[in-house]
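User: Could you take a close look at how helices and strands are set against one another here? I'd like one connected account that I can follow with the model open on my screen.

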Amino acid sequence: MKGLYCKPGDQGDVKFVLQETNVPTSLGSHQVKVQVKSCALSPVDFKLYEDLKLEKEHVPVGREIAGVVLQVGPKVTFFQPDDEVVGILPLEAEQSGLCSVVVTDEYNLVQKPEKVSWFEAAAVIKDGLRAYTALHTLARMAAGQTVLVLDGAGPFGLLAIQLAHYHGVKVLATALSPEDQKFLEELRPSVARVIRVWDSKEDLVDSCLEETGGLGVDIIIDSGVRLYEEPEAQRHYPHKHDLLTLLSVGGHWVTTEQHLQLDPPDSHILFLKAASLSFLNDEVWTTSRAKQGRYLHILKDVMDKLCTGTFRPQLEDPVPLYEATVSMEMVQRKQARKRIAVKL
């Protein structure tokens, strides 16, 4: 049985390879064996593996899976054979999600609704978790607030917009290209304002302050931050000073920029506004089991919202297994957004 693995190389190069792997012959007390039907291909954060002392010669690729339970351990209570499930393999997993069969703890999975396809389930589970973590756990979103979602047309940004709309929050979003702008303007419920960051004539701060009557936005969800004058590839990222400026009194800034540095004047602005900054790292749900029940509740609610149409992902065509290596290389280099491999 083959799975997709990546091997970090010299000077930041990454090599993705298909290699043989074995499935454990016996199951632990709370483990389940799952036949994988679909698997999402997302970028691998090697720095996180290093920080958590989980470095391996070959890192498994594809952790967001959907499939059918084949066998359960003696103490498993959540599932039984033939159940359809979806979940996220932990960072310490030894198997790639592209293997035909994987073994994992029952606490990493939830039931997949019958109406939800394998394709959609694997595509949405992690981005849905990120949206919940950002808006509920960190920002404490409430009806009547205003949220700015950067890169609103991305897989994560889109679900954040839809979750905010569901809770009665006014949404502003940035578009990185004319195509993204067209997509966001056609969304229903509609985005209050689509900000064209690809157009140098439109200013992010001015647009947000104009839309909020000069009060600023209550919540910012970023997709990266420009810390200094950086290369052309970073031009669509807002500067940290811009985000501090457009944040409202008592606002919450949720950042995905793990290397964000705030100088004393930046911290003083947050102090004056009684505002807060949170770092979005959804991996904490699996690296720490302190809130396991809440984690599974979120995964279940993500699937429920996908089933009822609250979450409506914009997905590219599925990738056949023989194209998974090339697709993963493009995703890792940020030449493509998330791709989904489906097993027929």
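Analyst: Happy to! An axis is a line fitted to C-alpha atoms, for a helix over the stretch in contact, and an angle between two axes runs from 0 to 180 degrees, taken between N-to-C directions. Please keep in mind that this is a predicted model.

Let's begin with a pair of helices. Helix 2 (residues 118-138) and helix 3 (residues 155-166) have axes that come within 9 Å and cross at roughly 55 degrees. Angles under 35 degrees count as roughly parallel and 65 to 115 as roughly perpendicular, so helix 2 is oblique to helix 3. The crossing of helix 2 past helix 3 is right-handed. To see the contact for yourself, select Val124, Asp127, Gly128, Arg130, Ala131, Tyr132, Ala134, Leu135 and His136 on helix 2, together with Pro155, Phe156, Leu159, Ala160, Leu163 and Ala164 on helix 3. Sorted by class, this contact has 11 nonpolar, two polar and two charged residues.

Six strands form an open sheet in the order 11-10-9-12-13-14, and their pairing is parallel. The edges belong to strand 11 (193-196) and strand 14 (276-279); each has a single partner strand, so one side of each is left without a neighbour in the sheet. On average, and ignoring direction, neighbouring strands in this sheet are turned by 15 degrees against each other.

Helix 5 is the element to bring in now. Helix 5 lies across strand 9 (146-149), strand 10, strand 11 and strand 12 (217-221), and runs at about 165 degrees to strand 11. Leu204 is part of helix 5, which covers residues 204-211. Leu204 has a relative accessible area of 11%; because buried means under 20%, this residue counts as buried. Setting aside residues up to four places away in sequence, Leu204 touches Leu148, Leu150, Thr174, Ile195, Pro238, Leu243 and Leu246. Lys56, 148 residues from Leu204 along the chain, has its C-alpha atom 42 Å from that of Leu204.

Phe183 sits in helix 4 (residues 178-185). Apart from neighbours within four places in sequence, Phe183 is in contact with Ala153, Leu158 and Gln314. Between the C-alpha atoms of Phe183 and Val194, which are 11 residues apart along the chain, the separation is 10.0 Å.

Strand 1 (residues 2-8) runs antiparallel to strand 2, and seven bridges join the two. Among the pairings, Gly3 stands opposite Gln19, and Tyr5 has Val17 as its bridge partner. Strand 1 also pairs with strand 4 in the antiparallel sense, over two bridges, with Cys6 opposite Val59.

Terms used
Residues numbered from 1 in each chain as written. Predicted model: local features only at pLDDT ≥ 70, side-chain atom pairs only at ≥ 80, totals over all residues. Heavy atoms only, no water. Helix = DSSP H or I, 4+ residues; strand = E, 2+ residues; numbered from the N terminus. Buried < 20%, exposed > 50% of the residue type's maximum accessible area, 1.4 Å probe, protein only. Contact = heavy atoms within 4.5 Å. Pairing = 2+ DSSP bridges. Parallel < 35°, antiparallel > 145°, perpendicular 65-115°, else oblique. Left-handed = near helix turned anticlockwise from the far one by under 90°. Nonpolar A, V, L, I, M, F, W, Y, C, P; charged D, E, K, R; others polar.
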